[in-house]
Amino acid sequence: MAATRRKPRNGSSPATPTPDDIKGFYRDMLLIRRFEEKAGQLYGMGLIGGFCHLYIGQEAVVVGLQCQAHPGDSIITSYRDHGHMLAAGMDPKGVMAELTGRRGGYSKGKGGSMHMFSKENGFYGGHGIVGAQVPLGTGLAFAHKYRGDGGVCFCYLGDGAVNQGQVYESFNMAALWKLPVIYVIENNKYGMGTSVERASATKDLATRGAAYGIPGISVNGMDVLAVKAESEEAVDRVRAGEGPLILEMKTYRYRGHSMSDPAKYRTKEEVSKMRAESDPIDHLRQTIVSDAILDEEALKEIDKEIKSVVSQAAEFAQNSPEPDAAELYTDVLVEA
């Protein structure tokens, strides 16, 4: 089961999500949540090695944005990338197999958590170097404009990356050439173990492109309906050729920076409060029930279905063989 792919809408006015849209958002966010929970379990069992950065808590950001993507658009992000892959429509089996270093993975078991790609789904990787995906995403946007294919690049970065010099070089080039790129700053309040309050001289990250004439919008990234509604006009603007735009998604990660991070830089009470008051999945679940879109029994069935999909992905990953040693020198360069 891949994430729900929706038809591009017609017209320029924001479209009110239909009940089917809302059910799709719920499924997609739940798929990411359950997938990441299972990845955390497999990491604890020693079946996933190296680094593993979970997206739990931030699901509304990528689901609310990628539902607006068209075929031919491109997506690129940092190392916290499993949710983006699933939202792009990549197969959970292939993603989980790559996490476990198996041949059935998207990079044939050679890339792991931070290095997965899918040309078919327009996903150009998670990247382990902080901020490195921003100039690459700008290059993807340049390719869209050069080819005239109408595509937009969704370039995701964290609040910890916004002080990188290469980010501002990219902003300048994108603005100069009016490139079709949306820079999505996923502000989860902590760059590794450092609060954005301590690391950033300016706290309003949406204004980081002001020096280059790039407009920015701050969005509640814990509400998938708000993400879709508040970003829809921005996506249309970029797609119409008016140049780059910054979306600051104010979100929160529940787990540490990576699986090896005990997250002692914040209190358990802080995390519990965020989960209790702002969880994106619980919030949408309440909306679905209160608006009589689905009842509790139907929601339980969806959860059961998603758990089955994730269990099958984990089983596939564990049964897939490891890559042959001869694969070490293959796929060094692939035509994109």
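Glu232 forms a salt bridge with Lys228 (a side-chain nitrogen of Lys or Arg within 4 Å of a carboxyl oxygen of Asp or Glu), and their closest N and O atoms are 3.1 Å apart. The model is predicted, so local features need pLDDT of at least 70 and side-chain atom pairs count only at pLDDT 80 or more, while totals for chains, interfaces and linings use all residues. Residues are numbered from 1 along each chain as its sequence is written, and side-chain values use heavy atoms, with hydrogens and water left out.

**Salt bridges**

- The structure holds 16 salt bridges.
- Glu232 and Lys228 are four residues apart in helix H8 (residues 224-239), which puts about one helical turn between them; helices (H or I, at least four residues) and strands (E, at least two) are DSSP runs, numbered from the N terminus.
- Both Glu232 and Lys228 are buried, where buried means under 20% relative accessible area, exposed over 50%, and partly exposed in between (1.4 Å probe, protein chains only).
- Asp331 forms a salt bridge with Lys110, with the closest N and O atoms 3.3 Å apart.
- This pair links distant parts of the chain, 221 residues apart: Asp331 is in the segment after helix H11 (296-319), and Lys110 is in the loop between helix H4 (92-99) and S2.
- Asp331 is partly exposed at 42% relative accessible area, and Lys110 is partly exposed at 35%.
- Glu242 forms a salt bridge with Arg237, with the closest N and O atoms 3.6 Å apart.
- Glu242 counts as partly exposed at 44% relative accessibility, as does Arg237 at 24%.

**Aromatic pairs**

- There are seven aromatic pairs in the structure; rings of Phe, Tyr and Trp (its six-membered ring) pair if their centres lie within 6.5 Å, and planes under 30 degrees apart count as stacked, over 60 as edge-to-face and the rest as tilted.
- Phe142 and Tyr146 form a stacked pair, at 6.0 Å centre to centre and with 20° between the planes.
- Both residues of this pair, Phe142 and Tyr146, lie in helix H5 (residues 133-147), four residues apart, about one turn of the helix.
- Phe142 is partly exposed at 38% relative accessibility, and Tyr146 is exposed at 70%.
- Phe171 and Tyr183 have ring centres 4.8 Å apart and planes at 55°, so this pair is tilted.
- The pair links distant parts of the chain, 12 residues apart, with Phe171 in helix H6 (residues 165-176) and Tyr183 in strand S4 (residues 181-187).
- Phe171 is buried at 1% relative accessibility, and Tyr183 is buried at 0%.
- One aromatic cluster is formed by Tyr168, Phe171, Tyr183 and Tyr212.

**Largest pocket**

- The largest pocket holds about 680 Å³ of space; on a 1 Å grid over the protein atoms alone, a pocket is an open set of points where a 1.4 Å probe fits, with protein on both sides within 12 Å along at least five of seven lines, and lining residues have an atom within 4 Å of a point.
- The pocket is lined by 22 residues, and the closest to its centre are Ser107, Phe117, Ser118, Asp331 and Val334.
- The elements that give two or more residues to this lining are strand S2 (123-127) and H5.
- S2 gives the most to the lining, with three residues.

Conventions. Points joined across faces, edges and corners; volume = space filled by probe spheres on them.
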